[in-house]
Amino acid sequence: MTAAKNTSNSAMKPESHGRRILAYVVLIFLTVLCLIWFYILFINATRSNGDLSRGFRAYPSNHLGENLYNLFHGTLPVGRGMLNSLFVALATAALTTYFSTMTAYAIHAYRFKGRHAIFTFILAVMMIPTQVTALGFQQLVRNMGLENSFIPLIIPSIAAPIVFFYMKQYMDSNLPKELLESARIDGAGEFRIFNKIVIPIMKPAIAVQAIFAFVSSWNNYFLPSLILHKDSMKTLPILIAQLRAADWLKFDMGQVYAMIAFSILPVIVVYLILSKQIVGGVTAGSVKG
């Protein structure tokens, strides 16, 4: 019996080893495939407009400083656009994660009439594209006198059905109701339970959704282009579009690549900082214990 088991294990080991090698090969290939576009972007950011017109080269040039100098000393307020994007993205990420977590907690922790109908309604809102409501939203913003303001870009982010759904699924897997009942028995109020108990338990999920909300707001072009018209209020995606739309006398592809590379650096930094939380949060939220 023992000899048969050893023979079976030895026969399975090469097969398991081969699968592991294949998995690593596929993962390495996908990683290279994802990173090569960033490499091309940063390489092109170091080249001049004349170099780019002659075709692609796989090695960097020495025009990065010149491109950045021309970019920051041009007609577009790039530095102000970076600050505007940071403010909107950070505020959006904070409000989205906090209030979506609070809404998910209300659905998860309480039993009340209409609970399932509210949950279904929130999920149904996910099916409505932003473009469908854009015209009415723009008219509302104009009537309220909120054009050239960040308020219409930040406040509506409180209602985020996708973030709510993720938080609800995460709570179903990782937030036992017995813990909440114990806190109530000890005399803790609901806001104290939420801020002192629920928020720490939800940190991985909050980190995941915060980075997703940050990136989504950072890359948002559609709504800001409808609301923000002053150059001092515009975000980076709008400025990038204006730079690309310049006439042929002022068009400089080297500056365009430099600005795109400059604009994605904060996103890369945030991803590197929160990468462990992203992986752990997605894994825990997708598997119900």
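**Figure 1. Met126 touches Pro161, Ile162 and Phe165, leaving out residues up to four places away in sequence.** Touching, or being in contact, just means having heavy atoms within 4.5 Å. This is a predicted model, where local features need pLDDT of at least 70 and side-chain atom pairs count only at pLDDT 80 or more, while totals for chains, interfaces and linings use all residues. Residues are numbered from 1 along each chain as its sequence is written, and side-chain values use heavy atoms, with hydrogens and water left out. Met126 sits in the loop between α5 and α6; helices here are DSSP runs of H or I with at least four residues, strands are runs of E with at least two, and the numbering starts at the N terminus. Met126 and Pro161 are 35 residues apart in sequence, yet their C-alpha atoms are 5.9 Å apart in space. Is Met126 buried or partly exposed? Met126 is partly exposed, because its relative accessible area is 32% (under 20% is buried, over 50% is exposed, and partly exposed is in between, using a 1.4 Å probe and protein chains only).

**Figure 2. Stepping back, the whole protein has 14 helices and zero strands.** Reading from the N terminus, the elements run α-α-α-α-α-α-α-α-α-α-α-α-α-α. Of the 289 residues in the protein, 35% are buried. Take the contacts with a separation of 6 or more: 74% of them come from residues 24 or more positions apart.

**Figure 3. Zooming in on the largest nonpolar core, we find 25 residues.** Such a core is a set of buried Ala, Val, Leu, Ile, Met, Phe, Trp, Tyr and Cys residues joined through side-chain atoms within 4.5 Å. Which residues have the most contacts inside this core? They are Tyr105, Met167, Met171, Leu180, Ile193, Val198 and Met202. At least two core residues come from each of α4 (78-109), α5 (115-125), α8 (161-174), α9 (177-185), α10 (190-201) and α11 (203-218). The biggest giver is α8, with six residues. For a closer look, pick out Met171: setting aside residues up to four places away in sequence, Met171 touches Thr101, Ala104, Tyr105, His108, Val198 and Met202. Apart from this core lies another one of 18 residues, including Met82, Ile211, Trp218 and Leu239. In soluble globular proteins, nonpolar side chains tend to be buried together.

**Figure 4. The largest pocket holds about 1,300 Å³ of space.** A pocket is an open set of points on a 1 Å grid over the protein atoms alone where a 1.4 Å probe fits, with protein on both sides within 12 Å along at least five of seven lines, and its lining residues have an atom within 4 Å of a point. The lining counts 38 residues, and Thr130, Pro156, Ser157, Ala159 and Ala160 lie nearest the pocket's centre. Which helix gives the most to the lining? That would be α4, with seven residues. At least two lining residues come from each of α4, α5, α6 (130-143), α7 (151-154), α8, α11 and α12 (222-227). By class, the lining has 24 nonpolar, 14 polar and no charged residues.

Figure 5. Thr46 belongs to the loop between α1 (2-45) and α2, whereas Asp51 is in helix α2 (residues 49-53). Thr46 counts as buried because its relative accessible area is 10%. Its side chain reaches the backbone nitrogen of Ser61 at 3.0 Å.

Figure 6. Not counting residues up to four places away in sequence, Gln255 touches Asn67, Asn70, Leu71 and Leu243. Gln255 counts as buried because its relative accessible area is 13%.

**Figure 7. Asn148 has a positive phi of about 60 degrees, although it is not a glycine.** Most residues other than glycine have a negative phi. Asn148 is found in the loop between α6 and α7. It is partly exposed, because its relative accessible area is 22%.

Terms used:
Points joined across faces, edges and corners; volume = space filled by probe spheres on them. Nonpolar A, V, L, I, M, F, W, Y, C, P; charged D, E, K, R; others polar. Polar contact = N/O pair within 3.5 Å; in protein donor to acceptor, adjacent residues only side chain to side chain.
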